[in-house]
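Keep the structure open beside you while you read.

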Amino acid sequence: MVKLSVLLTTLCLQLAYSRRLIDDIDNDVNVLQNGNLGTYEYKSSDYVKITQPPLPVVQKEVGAHVELHCEAMGSPPPTIQWYKGPMRVTENESFEDNNEITDHTPGIAKVASRLVINYVLPRHQGNYFCVAAAGSEVVRKMTELVVPNAIGREMNFTQLVFRKIVGAHHHPRVTFWAPAYMDVMRSDVILPCKSVGNPKPVLTWFRPNGKEVTNDDKFEVMQDGELSIRSISWDDMGVYTCIVMNSVGKDSVETFLYPMQESK
């Protein structure tokens, strides 16, 4: 009786995750066929939408810690890059460009990104853009970082080293991940988990059953932290947890993977 109760609770949580993901998708991406949550009909056009833009204005004093946050939904699964003016300041690899996956279908994913600035300087003041791209589609949202006490507070490299700002230890933070990912069964998928921190964080993935992921024919934790899962099936559905840790602390994010049956 207890096992049945646990099973029903797990199933309800999984359905809640999948319905929440579907609620974020516009009508031009059809993931419901005849009311069946478990089927997926592909559309030929690329699709991307920023579902949670960064705050329009962020104000931080010199020396403060700041994180700019942005989320996007798209098909194929989108990538988020951050720009300061015209200059790109992140290196988040496109799902499509990853050569480790050779049999990949255009699934749907919600992705999230943080731009982390551990010590705000006057030079950080300006306009930042969250740029989300999925296939040929690109959208962007702007945020302005205001540093009100910036005048006369800039430091050169020697001063940054002398004050131990350069090389300082920082908590690890996951900077790019996918809170939810949907793709058809038998597809190969990649779940991202990029991080920053000093010392460099050690990364570990855990499966929905709580067991640590080890590399085999099914799973592979790649060099940059991404989790490759080959030929997904209904048994692979659930919440995958990425944990990053260093001597200062740890951070973790979750990805809900939902295998879909392709409609005929």
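This is a predicted model: local features need pLDDT of at least 70, side-chain atom pairs count only at pLDDT 80 or more; totals for chains, interfaces and linings use all residues.

1. Let me begin with Cys70, which is buried at a relative accessible area of 0%; buried means under 20% relative accessible area, exposed over 50%, and partly exposed in between, using a 1.4 Å probe and protein chains only.

2. Residues are numbered from 1 along each chain as its sequence is written, and side-chain values use heavy atoms, with hydrogens and water left out.

3. Where do the two cysteines of the Cys70 and Cys130 pair lie? Cys70 is in strand β4 (residues 66-75) and Cys130 in strand β8 (residues 126-134), so the bond ties together parts that are 60 residues apart in sequence. Helices (H or I, at least four residues) and strands (E, at least two) are DSSP runs, numbered from the N terminus.

4. How many disulfides are there by this rule? The count comes to two. The other one joins Cys193 and Cys242, whose sulfur atoms are 2.0 Å apart. With a torsion of about -80 degrees about the S-S bond of Cys193 and Cys242, this disulfide is left-handed. Cys193 sits in strand β12 (residues 193-198) and Cys242 in strand β16 (residues 238-245), so to speak distant parts of the chain, 49 residues apart. Cys193 is buried, with a relative accessible area of 1%, and Cys242 is buried at 0%. Numbering the bonded cysteines in sequence order, the pairing is 1-2, 3-4.

5. Strand β8 deserves a look of its own. Seven of its nine residues are buried, so β8 is largely enclosed by the rest of the structure. β8 pairs with strand β5 (residues 79-84) in the antiparallel sense over six bridges; two strands count as paired if DSSP finds at least two bridges between them. Within that pairing, Ile80 has Ala132 of β8 as its bridge partner.

6. β8 also pairs with strand β9 (residues 137-146), again antiparallel, over nine bridges. Gly126 stands opposite Leu145 in β9. β8 and β9 form a hairpin with two residues between them, and Gly135 in the turn has a positive phi of about 60 degrees.

7. Three bridges join β11 to β15 (residues 227-229), and Val189 stands opposite Ile229 in β15.

8. Now the nonpolar interior. A nonpolar core is a set of buried Ala, Val, Leu, Ile, Met, Phe, Trp, Tyr and Cys residues joined through side-chain atoms within 4.5 Å. The largest one has 42 residues, and those with the most contacts inside it are Ile80, Leu191, Trp205, Leu227, Ile229 and Tyr240. This core draws at least three residues from each of domain 1 (45-89 + 107-166) and domain 2 (169-263); the domain bounds come from an automatic or database domain assignment. Apart from it lies another core of five residues, among them Met182, Met237, Tyr258 and Met260.

9. Is Leu55 buried or exposed? At 60% relative accessibility, Leu55 counts as exposed. Leu55 lies in the loop between β2 (47-52) and β3 (57-59). Not counting residues up to four places away in sequence, Leu55 touches Met142 and Thr143, where contact means heavy atoms within 4.5 Å. Leu55 and Met142 are 87 residues apart in sequence and 8.3 Å apart in space, C-alpha to C-alpha.

10. Last, Met245, which lies in strand β16 and counts as partly exposed at 42% relative accessibility. Leaving aside neighbours within four places in sequence, Met245 is in contact with Pro172, Pro201, Val202 and Lys250.

Notes: A disulfide is a pair of cysteine sulfur atoms within 2.5 Å.
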